[in-house]
Number of protein chains: 2
Amino acid sequence: MRTDLERFFNPRAIAIIGASRDLVTISGQPLKHLTSHHYKGRLYPVNPRYQDIAGVKCYASIADLPEAPDLVLVLVNASRVAGILRQCGAKGVPYAIIFSSGFSEVGGGGVSLQQELAAIAREHDIGVIGPNCQGMINVADGVFAGFGSVFHNDYEPGVVSMVSQSGGFGFSVMNLSSKDGGLAFRQIVTTGNEIGVSALDFISYYIRDPNTEIIVGYIEGLKDARRLVEIGNKALASGKPILMWKVGNTEQGQKAAVSHTANLGGAMALYKAAFRQAGIIQVEDIQDVIDYGRAFRCGRLPRGSRLAIITISGGAGILMTDECIGRGMRLAELAPETLAKLREFVPSFGSLLNPVDVTAAIFNDTSLINRTLQAIADDPNVDCVAMITASLQGEFAATIAAEIVAVAGKTDKPVLLAWSARDADALEAYGMLNDARIPHYKSPVRCGRSLAALSWYAQAKRRSEARRAEVALTLNRPDAKRALAEKTADVSEHAAKRILAEYGISVTQEELATGKEQALAVARRIGYPVALKVQSPDISHKTEARAVKLSIASDEELAASYEEILVNARAYNKDAKIEGVLVQEMAKGGVEAILGVTNDPLFGPAVMFGLGGIFAEVLKDVAFRLVPITPSVARDMIEEIKGYPVLAGARGRAPADVEALADAIVRLSALAVDLEAEVAELDINPLFVMDKGKGVKAADALIRPRKK
Amino acid sequence: MRTDLERFFNPRAIAIIGASRDLVTISGQPLKHLTSHHYKGRLYPVNPRYQDIAGVKCYASIADLPEAPDLVLVLVNASRVAGILRQCGAKGVPYAIIFSSGFSEVGGGGVSLQQELAAIAREHDIGVIGPNCQGMINVADGVFAGFGSVFHNDYEPGVVSMVSQSGGFGFSVMNLSSKDGGLAFRQIVTTGNEIGVSALDFISYYIRDPNTEIIVGYIEGLKDARRLVEIGNKALASGKPILMWKVGNTEQGQKAAVSHTANLGGAMALYKAAFRQAGIIQVEDIQDVIDYGRAFRCGRLPRGSRLAIITISGGAGILMTDECIGRGMRLAELAPETLAKLREFVPSFGSLLNPVDVTAAIFNDTSLINRTLQAIADDPNVDCVAMITASLQGEFAATIAAEIVAVAGKTDKPVLLAWSARDADALEAYGMLNDARIPHYKSPVRCGRSLAALSWYAQAKRRSEARRAEVALTLNRPDAKRALAEKTADVSEHAAKRILAEYGISVTQEELATGKEQALAVARRIGYPVALKVQSPDISHKTEARAVKLSIASDEELAASYEEILVNARAYNKDAKIEGVLVQEMAKGGVEAILGVTNDPLFGPAVMFGLGGIFAEVLKDVAFRLVPITPSVARDMIEEIKGYPVLAGARGRAPADVEALADAIVRLSALAVDLEAEVAELDINPLFVMDKGKGVKAADALIRPRKK
């Protein structure tokens, strides 16, 4: 499929199929917008009913066109789109935007219509955008190929490029950001149902596009989600931040899943994991795009997360502190030399502790601000600076702004301002700051969030660079592959753990017994206490079936329990195929964790980690990562969960063997990669994480093979 | 102290102490602002160096003034303020704003200076505002008594009144809200260090003020915090929403506390509890005030939380759904009659499922929007309506707005709009909406949050009304009071549980033994298994001291354990006074919870509830409420924690006795009220919550008495 896209954004000729003479309607608008924004290529309205539309020559059909246009806009009724697309194919058209609605979004017949379109596009190698979309604007080159209110407006070209699966919302982001937000856009395309060129194709293109500096995405769902992490890391390497919405977050989990891992997963957990692994900045609102975009436009990234705040309003300083600390930054501890310098001029009723409060005394001494800023920007303990100037306005503001611009130009650390004056009251000051690309925000909260976004992104970039130095563990276990390939039913504990062991994950000492005498012999060999567990591919939840006995201390107890759990298992499912009874050492001590694999149809395999029992199941305190997982990612994953202090040694416990846990995660990732074709879901529950240096041990496991 | 405040906001005469002729400086600005905004009362600058300032007659001292002004502005150096305040007292001045800095905010000598001011104010009954503040603006009456950039601007008077402990930030909120935000302010006062009239005094006044409809607060901390719940409930009854910042949230807990309850508490937990109990809407940013304020200005509250969304952009509908569901609302299920009506005109490629998507087809048929809105507003299953009109602009927008205004006028349900056009592109449409008080927002996210704020407030109002029908349990236990009054050391388990029992909280069956033989006799009477616990006022954490043995099954085991734990206790603290060994039934089954009381110096007593162990201590998943706690508040508290599903019956467990738990909370609240003078901290840890109908049982407890 075509993804070279330069011709799409900059077509030499455009045909408009179903162009209407009523320029207010959807099919009338594109011709109007293209001409009124001075599109420089050739325009071919196609409609057999007209000789011309608004003075532009009209053609009866695509076949009649004097050339194959680079781009065709399709504005006809859904039922006619397939025919049009075939004609495009015959003519050799490379790109078509299908605006028409009435496809998969309406279900039923729309779904098969859409499949037909996809097949035609593939057959003729047409790069299709849509259907059910609102088109594209290439501001930089004046190509307004679509419809909607925002097409009426003119825009300054900028360096932000966006792809949106929603037309109405996407264009509103562009309109509000470019005009009032001060963040001008370069290109925007809306992709609707995405049967052809996908949102990720466009993002890949923007990464390559030398004129795009910031990428914005609005996505409801990605059919090619497994490309997300790789593309995100390419963007990180290119230094282009991706700001992205992922919406539709209130959906329910997959109800049919058997494992905890799959139940706790679902699309949102995997998107969240991918965003983190790929340094993609999740946004919630339009203002986030404007604010973060302006922060990134300054072209500076902090080297660390140590923030210094200078304020003339104590309250605003506290607000910003709350915001930044709550988002992972910390307040810089100023160097003694800095404090000595500050002591010379900050008033005695101000504060030298970070946030440095120079107070309203600046009304009496305007030099306070730039002297303080200079001293702080020079401090080696400071990675970035926020300055809060409250509501200064008019000439006074312009004086202050000029001094800030001068000082900020002498450092390469990000300097962001919280400046609450209205635009109308600080035109000159804001103009100077804009020219110097110093980001400024109306509220300390917005400023703090933007700083935190810069800092988070810089950290993701550092993490990504560190990761590139790591090699992901690869394991190849043909025996395990073969053993699993034959399975159609759930693989019970003993067999599942043998597979884990093949990938180097420690499991409990155990043996499968098929008779009571054998069980007794095994128990004596392992040593009491032991656990007994009925093994059956038809009983996935053994505890629920009362087919498990723990802490068996003697031969007598074992003999009685052996009978009992078999009776229970048969009562639970009289047709269950019983493979035998597993005799197992009692794992004890350590922290109970849960590890798992879910093999998502869109994302591919992902590994889950959480603490056992209530932590994972009630509080859903788990972390996911997409494979392959390197050691640094595994550690990041372990530290992400709220229950992490339990592993680190909370409540007087010894620290757990986090290193062995990270190794088990890396090995499980290697398993998930190797067995992607065979494993649908996998649970290790519990995995005992022993005290530091003592390793981990899988005490129970379950594998659900992919259905054949 | 004076809290009648009408004269403060509307003074007949104002004196300015330390007035400067340099009208740019802090001490020069107030005179300039008062005159330029046409203050209608009499103005007396006071400065012995001048005959007049800017044409206004200047006086040498307060004593020289021809009358006692209603308000004095004090702008002199900190060291001179006490003297000035005494002169105010002598003259009979009722209100003084002290702008000067250099008091408690700088520590050291500033603290004692401030105490001196407070004493003078009390002695002369002067209502002091400040020190370290920026003054007041009464927009409605043109009184601009303060300094700062925003004092230069003119404002339309509105119905929002604000009190802020921060000058710079508070005035920026007023400036941005009133001018560009479309939410005009009536009055704003900044209170700084608050030695006299407090933020809550001003809020109480605003509740009484017939011209204030919406109250905004910015607070860093309240010295009179225990009034918060009562004042909040008065505001709820008056129908005036309070929108409030509580900042300074990154502080650490009190390190010296002995109980888990006090360690988990700290100011923020209690503010959060108070806000919830009082229906105070917490805001994070200036835009929240503007957005929520505009929502409340519509004068309508939803009767429930069932939301219907009408959209012309599917994507924006999803965004709003995420936002509203995530904040406790739910999507209304439309009535069959509504669906039948909609089917008549919504295009087949639209969606009738809520969110109802009428699609971009509105460009071809403008009547789609109002017909849909009418049908949905009439639906009895719908409590409020959000309409998303994307970026419609110009004349087209005006047509749509006129129709929306007409339909919205025929319902009393809130109708909020997400309308993304720029102000400049939809002047006429927005003007019509503003006139009709239909709130509109640039983004579906902001609209969704505002709707959720309306809905949350309406629910808090309903809860408050329900609570007024309840009577808080009152218990009076003079014996317990007397027993505790004598204590200075921590009260150990047995004694603490006897006190709990007096308030009707079930405790484990137990007896204190002072010798091994007695312990054996008690154990046989109670029945094995039992627990043994050394009792000492000097050992608060018995488990840490290994002075506890659980699940003792026999006489032999008891005899050995008895010796062992006494040896351990002495090894832990050789000077510990040992009261004896507690022989106790082993509480078993049920869910482990933790209850507690913390007696906060500012808020008074609060009760904490959480699930036991890691839930409370690592995840900090606990809920606080200020006393007195009625049964409905206790239930709300239980349902607030994330671990609630464990009580409700997660993981195949039987539901726990939530009713008995709520009763225990109510009784603990009654205890906390009765013993407020005696109890500093109290922990019940664990409290076993048995299966439904089987009650609760306190298995361990600790009381720290208030230091004498």
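Modeller: Here is a quick chat about the symmetry and the contact between the chains.

Modeller: First, this is a predicted model, where local features need pLDDT of at least 70, side-chain atom pairs count only at pLDDT 80 or more, and totals for chains, interfaces and linings use all residues. Residues are numbered from 1 along each chain as its sequence is written, chains are lettered from A in the order in which they are written, and side-chain values use heavy atoms, without hydrogens and water.

Biologist: What rotation superposes chain A on chain B?

Modeller: 180°, with 0.0 Å of shift along the axis and an RMSD of 0.1 Å, fitted by least squares on C-alpha atoms of residues with pLDDT of at least 70 in both copies. That is the relation of a two-fold axis.

Biologist: Which residue of chain A comes closest to the axis?

Modeller: A:Phe615, with its C-alpha at 4.2 Å.

Biologist: OK, the interface. How many residues are in the contact?

Modeller: Chain A gives 73 and chain B gives 71, where contact means heavy atoms within 4.5 Å. The copies meet through the same surface, because 97% of the interface residues of chain A are also interface residues in chain B.

Biologist: And how many salt bridges across it?

Modeller: Four, counting a side-chain nitrogen of Lys or Arg within 4 Å of a carboxyl oxygen of Asp or Glu. One of them joins B:Arg449 to A:Glu284, with the closest N and O atoms 2.8 Å apart.
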